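The sequence and structure are shown first.

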Amino acid sequence: MRYTGEPGQLKLLSEHRKGESDLIQQKGKWYLLATCEVPDPEITEPTDWIGVDRGIVNLATTSDSVNYQGRRLSRYRRWQAHKRAELERKNTRSSIRRLARRAHKEQRHATHVNHKISKEIVSVAQRTGRGVAVEQLDGIRDRVRLRRDQRNTLSSWPFHQLGQHLSYKARRAGVAFLEVDASYTSQRCPRCGHTEKANRPTRDCFCCRRCGLAGPADVVAGVNVRNRARSAWVLVTAPVPALAMTS
């Protein structure tokens with residue numbers, strides 16, 4: 001059986017296929033499963049950075065003031081949680097199988113959303129010659145204090161996955177990628193540097209108590225991420241100083 005696909009897919013298969021391939025059928029459609037080893041392109045020196053702030057209400061907000069809202073995904077996840085609760089109450093073999101299928105469907109949906117967001121951000125960075133910078137969110141669940149009704153949302157939210165998608169898409173596109181310190185990015189004024197909890201009176205608003213700079217809090221956080229990436233990249237690319245010779 002011959003396989004036909006998009007020109008880009010055929011070129012990828014002809015140039016980088018590794019090992020054996022499998023042809024499988026799922027729901028009346030045929031799929032070719034092939035492993036390809038594609039070398040990473042050389043990382044281009046960035047002219048500047050796109051800072052990305054990740055969150056729950058807004059899945060991602062860039063320093064360019066581009067906002068990817070999470071309302072639709074939040075509604076979808078709440079609806080899925082309601083359906084899961086109904087199936088759990090039934091507690092039958094059929095309901096258990098349906099629970100498993102729903103869990104996989106929800107994961108695929110969240111992955112699809114993250115793919116779309118990361119693809120668009122990396123495409124903009126590649127077109128404008130910039131790098132992509134995100135907050136380093138390791139240990140965020142241990143640092144923040146949440147209400148009981150917020151814990152499940154945070155523990156199941158795909159923050160890390162979005163960062164992974166941005167990282168590997170940037171690497172494939174030859175775009176520089178950095179993770180920077182996440183401390184006080186939403187409370188620090190990017191103009192005067194004043195950091196205070198009162199700078200963010202509400203979740204959505206930022207207003208510096210010292211210089212009066214005001215704007216959307218997530219955009220300000222993205223700008224702070226961008227500024228930290230500028231400083232961090234200088235340290236990353238700086239030449240290693242030669243050790244002084246001692247007699």
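## Basis and overall make-up

The model is predicted, so local features need pLDDT of at least 70 and side-chain atom pairs count only at pLDDT 80 or more, whereas totals for chains, interfaces and linings use all residues. Residues are numbered from 1 along each chain as its sequence is written, and side-chain values use heavy atoms, with hydrogens and water left out.

The protein chain holds seven helices and nine strands, where helices (H or I, at least four residues) and strands (E, at least two) are DSSP runs numbered from the N terminus. Of its 247 residues, 31% are buried; buried means under 20% relative accessible area, exposed over 50%, and partly exposed in between, with a 1.4 Å probe and protein chains only. The chain exposes about 16,700 Å², of which carbon and sulfur atoms supply 50%, the areas coming from the Shrake-Rupley method with a 1.4 Å probe and, for residues, with only the protein chains shown counted as cover. Among contacts (heavy atoms within 4.5 Å) between residues at least 6 apart in sequence, 58% join residues at least 24 apart.

## Strand pairing

Strands β1 (residues 17-26) and β2 (residues 29-36) run antiparallel and are joined by seven bridges; two strands are said to pair if DSSP finds at least two bridges between them. They form a hairpin with two residues between the strands, and lysine 27 in the turn has a positive phi of about 50 degrees. Within this pairing, isoleucine 24 stands opposite tyrosine 31 in β2.

Strand β6 takes part in two parallel pairings: four bridges join β3 to β6, and β6 also pairs with β7 over four bridges. Tryptophan 49 has glycine 131 in β6 as its bridge partner, while valine 132 has phenylalanine 177 in β7. In a regular strand the side chains alternate between the two faces of the sheet. Both faces of β6 are covered, with Gly131, Ala133 and Glu135 buried on one side and Val132 and Val134 buried on the other.

## Nonpolar cores

A nonpolar core is a set of buried Ala, Val, Leu, Ile, Met, Phe, Trp, Tyr and Cys residues joined through side-chain atoms within 4.5 Å. The largest has 17 residues, of which Val52, Ala60, Ile117, Ile121, Val132, Leu166 and Val175 touch the most other members. Two or more residues come from each of β3 (49-54), β4 (58-62), α3 (93-128), β6 (131-135) and α6 (159-173), and α3 gives the most, with five.

Leaving aside neighbours within four places in sequence, valine 132 is in contact with Trp49, Ile50, Val52, Ile121, Ala125, Leu166, Val175, Ala176, Phe177 and Leu178. Another core of eight residues lies apart from the largest one and includes Trp49, Ala176, Leu178 and Val225.

## Helix α7

The 21 residues of helix α7 (residues 217-237) should span 30 Å at 1.5 Å a residue, and the end C-alpha atoms are 30 Å apart, which agrees; the expected span is 1.5 Å times one less than the number of residues. Its buried residues include Val219, Val223, Val225, Ala229 and Trp233. Their cover includes β3, β4, β6, β7 (177-180), β8 (205-207) and β9 (214-216).

## Cysteines

A search of the whole structure finds zero disulfides, a disulfide being a pair of cysteine sulfur atoms within 2.5 Å. Cysteine 208 is in no disulfide, and the nearest cysteine sulfur, that of cysteine 192, is 3.6 Å away. Cysteine 208 counts as buried at 3% relative accessibility, whereas cysteine 205 is partly exposed at 40%.
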